[in-house]
Amino acid sequence: MNAVVGIDIGSSAIKAVLFDLDGMHVLRSERRALESRILNSPPGHFEEDPNVIRNQVFDILRSIARFVREQRVTIGSIAFTGQMHGGLLVDSSLEPVTNFITWQDKRGDELGAHGKSYVDDLRALRPPDPTGAWIHAGFLISSLYWLNRHNSIPTNATHILG
């Protein structure tokens with residue numbers, strides 16, 4: 001039996017599905033409430049502990065793997081999806097150096113010393129987007145801009161995972 005695994009790391013839960021490609025049906029599904037929110041963040045800052053997320057993903061994968069072994073299923077591929085606009089800064093070994101900043105983060109709406117928001121600063125750096133899309137708080141770029149303006153990007157950060 002050939003199957004694929006889909007994992008969604010969402011805002012409130014991690015979900016997984018094992019799908020049988022031969023019979024075209026779900027063999028198993030799992031859902032775990034996400035327990036990674038950093039509760040003591042300043043107002044408007046929405047962050048998750050990336051190590052807790054990783055551990056929860058591994059836990060759900062172990063559960064799927066046990067079922068696969070018992071049922072003699074062959075997994076051909078695994079696909080991941082996640083929260084849009086969020087991101088994580090990591091070092092050269094891909095180890096987290098910040099918490100995961102979610103799409104709910106609003107620090108881009110905070111006012112700078114000159115009375116304009118950080119999002120307004122970013123928008124002023126470029127002409128309006130012809131598609132009608134625009135930079136908003138919660139977009140990773142506005143959170144990164146805020147971190148940069150507050151000298152809060154760790155010196156060992158070498159990559160951004162979004």
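Which elements each supply at least two residues of the lining of the largest pocket? The points below take up this question and related features.

1. Basis of the note. The model is predicted, so local features require pLDDT of at least 70 and side-chain atom pairs count only at pLDDT 80 or more, while totals for chains, interfaces and linings use all residues. Residues are numbered from 1 along each chain as its sequence is written, and side-chain values use heavy atoms, with hydrogens and water left out.

2. The largest pocket. Helix H1, strand S5 (74-82) and strand S6 (88-90) each supply at least two residues of its lining; helices (H or I, at least four residues) and strands (E, at least two) are DSSP runs numbered from the N terminus. A pocket is an open set of points on a 1 Å grid over the protein atoms alone, where a 1.4 Å probe fits, with protein on both sides within 12 Å along at least five of seven lines; lining residues have an atom within 4 Å of a point. Of its 20 lining residues, Ile9, Ile53, Leu88, Phe100 and Leu161 are the closest to its centre. H1 gives the most to this lining, with six residues.

3. The largest nonpolar core. A nonpolar core is a set of buried Ala, Val, Leu, Ile, Met, Phe, Trp, Tyr and Cys residues joined through side-chain atoms within 4.5 Å. Buried means under 20% relative accessible area, exposed over 50%, and partly exposed in between (1.4 Å probe, protein chains only). The largest such core has 14 residues, and Ile7, Ile14, Leu18 and Ile64 have the most contacts inside it. Strand S1 (2-9), strand S2 (13-20) and helix H1 (50-71) each supply at least two of its residues, and H1 gives the most, with six.

4. The second core. A separate core of twelve residues includes Ile101, Val119, Leu122 and Ala137.

5. Salt bridges. A salt bridge is a side-chain nitrogen of Lys or Arg within 4 Å of a carboxyl oxygen of Asp or Glu; by this rule there are seven. Asp8 pairs with Lys15, their closest N and O atoms lying 2.9 Å apart. Asp8 is partly exposed at 22% relative accessibility, and Lys15 is partly exposed at 30%. Arg107 and Asp105, joined by a salt bridge at 2.7 Å between the closest N and O atoms, are both buried. Salt bridges with shared partners join Arg28, Glu30, Arg32 and Asp59 into one network.
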